[in-house]
Amino acid sequence: MDETTGTLYGPEELDLAARNHAMPLEALRYDLTPAGLHYLLIHYDIPDVDPAIWRLAVAGAVETPLSLSLEDLRARPRVSAAVTLECAGNGRTLMEPRAISQPWALGAVGNAEWTGTPLAPILREAGMSPDAVDVAFAGSDHGLEGDIEQDYERGLPAAEALREDLLLAYEMNGQPLPPQHGFPLRLVVPGWYGMAHVKWLRQIRVLEEAFAGYQNVQSYRIRAAEDDPGRPIQRIQVRSLLLPPGHPTFQPRVRHADPGRIEVRGRAWSGSGAIVNVAFSADGGRTWIDSELGPEPTPGAWRSWTAVWHAEPGEHELCCRATDASGATQPMEPDWNVGGYTNNAIQRVPVVVAARR
Ligand SMILES: Nc1nc2c(c(=O)[nH]1)N[C@H]1C(S)=C(S)[C@@H](COP(=O)(O)O)O[C@H]1N2
Ligand SMILES: [Mo]
């Protein structure tokens, strides 16, 4: 049952939830999310790609179209970066009324180390048109969405595609990309929501007009109503999460802790600047203290934080609220939109603290 709408989750949502798993929140303890605990979002099926014959095509408005093998890409400059990926639908089930789609609670996030070669030099070598407007990135995965048969394909504005920090990644946490994370190659766009990080990449197309593909024009837009064309989703909004302390019951997942000093830990990230503060509350957001921030991470990766909670017997609600260098801070309540996207409202974790023994 969905507590907010009082309606049952349907089999379609259950199917998606089982295919595309979240990162369990206790995995917030790892600075680099182990691949098996990183969240997954796969629109269609994981495609069958033979790396021996696979090529990356660079096509469209370029002087010299390219066809690159995995060996060609591996022979190019090698760069590694820790990058926080978050699905734009993270927090969807906490918005009311809910959108029927991948039913994320809060775990659609992970912070892996991606290794690959920078994209921008490849675009320059291909002689990208100075009149380029967008660059479209196509995956090998194929399916139907909104009655349109398509390969998953998402466009980026040309200026974003030319950023020096975008990677064509062939490794995750020092291992070849796992099939579910885009083997043999994926795009990594630090600071942008997950939909831009195209997996199973097979073609890069430079366009002198705006990309009109489904994932840019119909989907992944912030819309106030069904007939609102809306605006495309781009950068990750500031957010923090805490690692729920104590221990859960199997079902429902109510948390229990012993009274006393508890060090509450978490992570915070934003696509619009470094994290400058994470506030912590043990009373549902009525009063706040500043947490202690961990070392400043490399751009695009999440930052750790800790706060000390002196837990008294009774019922409590733990919350955290991050602020980034642009001055953006997390709202107390979600900002509703049709697709249930970019909900960065503060997390609320009820904890029952036992009586003193
Ligand atoms: N080709 C392709 N790329 C894709 C997707 C997809 O379904 N197909 N899903 C996107 C979405 S919506 C997200 S949130 C991220 C998830 O990446 P992950 O599964 O590696 O965590 O991949 C993106 N790249
Ligand atoms: Mo996503």
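I am working with a predicted model, and my search for disulfides in it returned 0. I then looked at C320, which takes part in no disulfide, since the nearest cysteine sulfur belongs to C319 and sits 7.6 Å away, whereas a disulfide would need the two sulfur atoms within 2.5 Å. I also looked up how accessible C320 is, and with a relative accessibility of 0% it counts as buried. C87 is buried as well, although its relative accessible area comes out at 7%.

I turned to the charged side chains and found 17 salt bridges in the structure.

I noted a salt bridge between D31 and R267, whose closest N and O atoms are 3.0 Å apart. D31 belongs to the loop between α1 (11-19) and β1 (56-60), while R267 belongs to strand β16 (residues 260-269), so this pair ties together parts that lie 236 residues apart in sequence. When I checked accessibility, D31 turned out to be partly exposed at 46%, whereas R267 is buried at 7%.

Because E160 is in helix α4 (residues 158-161) and R235 is in the loop between β12 (231-232) and β13 (239-242), the pair ties together parts 75 residues apart in sequence. I found E160 at 19% relative accessibility, which counts as buried because the cut-off is under 20%, and I found R235 partly exposed at 33%. I also noted that E160 and R235 belong to a network of salt bridges that links them with R163 and D165.

I looked up the salt bridge between E312 and R356, for which the closest N and O atoms are 2.9 Å apart. E312 sits in the loop between β20 (303-311) and β21 (314-324), and R356 sits in the segment after β22 (347-353), so the pair ties together parts 44 residues apart in sequence. On accessibility, I have E312 as partly exposed, with a relative accessible area of 42%, and R356 as exposed, with 53%.

Technical notes:
Residues are numbered from 1 along each chain as its sequence is written. Chains are lettered from A and ligands numbered from 1 in the order in which they are written. This is a predicted model: local features need pLDDT of at least 70, side-chain atom pairs count only at pLDDT 80 or more; totals for chains, interfaces and linings use all residues. Side-chain values use heavy atoms; hydrogens and water are left out. Buried means under 20% relative accessible area, exposed over 50%, partly exposed in between (1.4 Å probe, protein chains only). A salt bridge is a side-chain nitrogen of Lys or Arg within 4 Å of a carboxyl oxygen of Asp or Glu. Helices (H or I, at least four residues) and strands (E, at least two) are DSSP runs, numbered from the N terminus.
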